[in-house]
Amino acid sequence: MTVKQFFKSTSFKCIAALLSILLVCGVFLTIMYGLLEVTEGERLQRAIKKLYGGTEVTIYGMDDVKIDDSVKEPKSLVSETVSLEKADILAAYRIELVQDGETHNHYLVQSRGKGGNDNGTVTCWVAVEIKDGKISEIYNISITANTSQEYADGRFNDEFFGKFKGEYNDRVFSTADGYLVSGATQSSNAIDNSVNGAISFIKETFLGEEIEASKPYSMYIDLEKTAFDKETGKLTVVTKDKAEGLYPKPFTFEIAVTADKKIESFEIIANGSTSDKNIDKMNPDILNGTLFAGKDLAYFENITANGQYSDNMNEVLSGATQSNFICAYACAFALANIDNYTGGNA
């Protein structure tokens, strides 16, 4: 077949037709992608509308630059993800709104809470009002994304989030204090962590407050009473009274850490279980100090799951769950922070 015959053949006509269709489809898809693409600016505007309804607000990002509907890539007040113990901060903005002739100043934070079902997460937008240099009110909260969580029954609704909203008095939200949905405790826990993470971030980053969570595994630890004894080579770790919604009273531990960052010895000096009955339910190998010996931080990270109960805690469960948990958590704190107390000479 000659070249001239090929161009006149049915095969060439079919190839030309297919190429034409591909070209047209490619152009069409390119145009539609441009029209239908959801930009970060649009996502932000949708979040604002959900949180503030019809209230007109002014949004400020990095370098106090005003962000309007035309901005496709708004620059957040944080340039990269900030990882906290129980949450990751993904974005933050300053908000101004006028109500009844008065200007209100807010911070809006996108926070991904850890510790959900199957170690999943829940990401929330958290809007808080600032007065006199402090958080005065939680204005509104909404869920924007999740991993491994189920919301098909719609139980995370306005009634649930209404528990958080209103005047803020330096409280920490926890499922133990009722900030949960029955049957979805772990998902509720991730939401609590999202809100608490946003609040901690605002306090430390924008309001200049020192947050204990800046030390890994310090959420349940009384840092003022925790100290290292050079003579014994042991870290005395004291937990908070009914820390963050947990039931036990303060525990005091003496923990020694090896040079390769493993638990050398673990001893309970003061047991915070609320009664002898609860103490008797604690894991006996925790009480006698043998269970945690030789364990490294990865072990405790696995069983405490970002500061919350984990399915992997079965090894230490025995009836006094929270008491067993706080013992494991204290070891995680010691391993993660021993260099801060010894100068790297554990």
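Which residue lies over the face of Tyr 299? Lys 295 does, at 5.1 Å from the ring centre, where a charge is said to sit over a ring if NZ of Lys or CZ of Arg is within 6 Å of the ring centre and within 35 degrees of the ring normal. The structure is a predicted model, in which local features need pLDDT of at least 70 and side-chain atom pairs count only at pLDDT 80 or more, whereas totals for chains, interfaces and linings use all residues. Residues are numbered from 1 along each chain as its sequence is written, and side-chain values use heavy atoms, with hydrogens and water left out.

**The chain as a whole**

- The secondary structure of the protein chain comes to nine helices and twelve strands; helices (H or I, at least four residues) and strands (E, at least two) are DSSP runs, numbered from the N terminus.
- Of the 346 residues in the protein chain, 42% are buried, a term that stands for under 20% relative accessible area, while exposed means over 50% and partly exposed covers what is in between (1.4 Å probe, protein chains only).
- Among the contacts in the protein chain with a separation of 6 or more, 54% come from residues 24 or more positions apart, and a contact here means heavy atoms within 4.5 Å.

**Aromatic rings**

- A search of the whole structure finds 21 aromatic pairs, counted where rings of Phe, Tyr and Trp (its six-membered ring) have their centres within 6.5 Å, with planes under 30 degrees apart called stacked, over 60 edge-to-face and the rest tilted.
- Tyr 93 and Trp 125 form a tilted pair, 6.4 Å from centre to centre and with 40° between the planes.
- This pair links distant parts of the chain, since Tyr 93 is in strand β4 (residues 87-99) and Trp 125 is in strand β6 (residues 121-131), 32 residues apart, and both Tyr 93 and Trp 125 are buried.
- The rings of Phe 160 and Phe 161 have their centres 5.1 Å apart and their planes at 70°, so this pair counts as edge-to-face.
- Phe 160 is buried at 3% relative accessibility, and Phe 161 is also buried, with a relative accessible area of 6%.
- Ring pairs join Phe 160 and Phe 161 with Phe 156, Phe 164, Phe 173 and Tyr 179 into a cluster.
- Ser 188, which is placed in helix α5, is buried at 0% relative accessibility.
- Leaving aside residues up to four places away in sequence, Ser 188 touches Phe 156, Phe 160, Thr 175, Tyr 179, Leu 180 and Val 181.

**Charged side chains**

- The count comes to seven salt bridges, each being a side-chain nitrogen of Lys or Arg within 4 Å of a carboxyl oxygen of Asp or Glu.
- One of them joins Asp 88 to Lys 114, with the closest N and O atoms 3.5 Å apart.
- Asp 88 is buried at 9% relative accessibility, and Lys 114 is buried at 15%.
- Lys 203 and Asp 170 meet in a salt bridge at 2.9 Å, N to O, which links Lys 203 in helix α5 (residues 185-205) with Asp 170 in the loop between β8 (166-167) and α5, 33 residues apart.
- Lys 203 is buried, with a relative accessible area of 10%, whereas Asp 170 counts as exposed at 56% relative accessibility.
- Asp 64, Arg 94 and Glu 96 are linked in a network of salt bridges, and the charged end of Arg 94 sits over the ring of Tyr 60, 4.2 Å from its centre.

**An open sheet and a helix across it**

- Four strands form an open sheet in the order β9-β10-β11-β12, with antiparallel pairing, and two strands are taken to pair if DSSP finds at least two bridges between them.
- β9 (227-229) and β12 (263-270) stand at the edges with a single partner strand each, so one side of each is left without a neighbour in the sheet.
- Neighbouring strands of this sheet are turned by 25° against each other on average, direction ignored; axes are lines fitted to C-alpha atoms, for helices over the stretch in contact, and angles run from 0 to 180 degrees between N-to-C directions.
- Three bridges join β9 to the antiparallel strand β10 (residues 234-238), and Ala 227 stands opposite Thr 236 in β10.
- Helix α9 (residues 321-342) lies across β9, β10, β11 (252-257) and β12, and runs at about 55° to β11.
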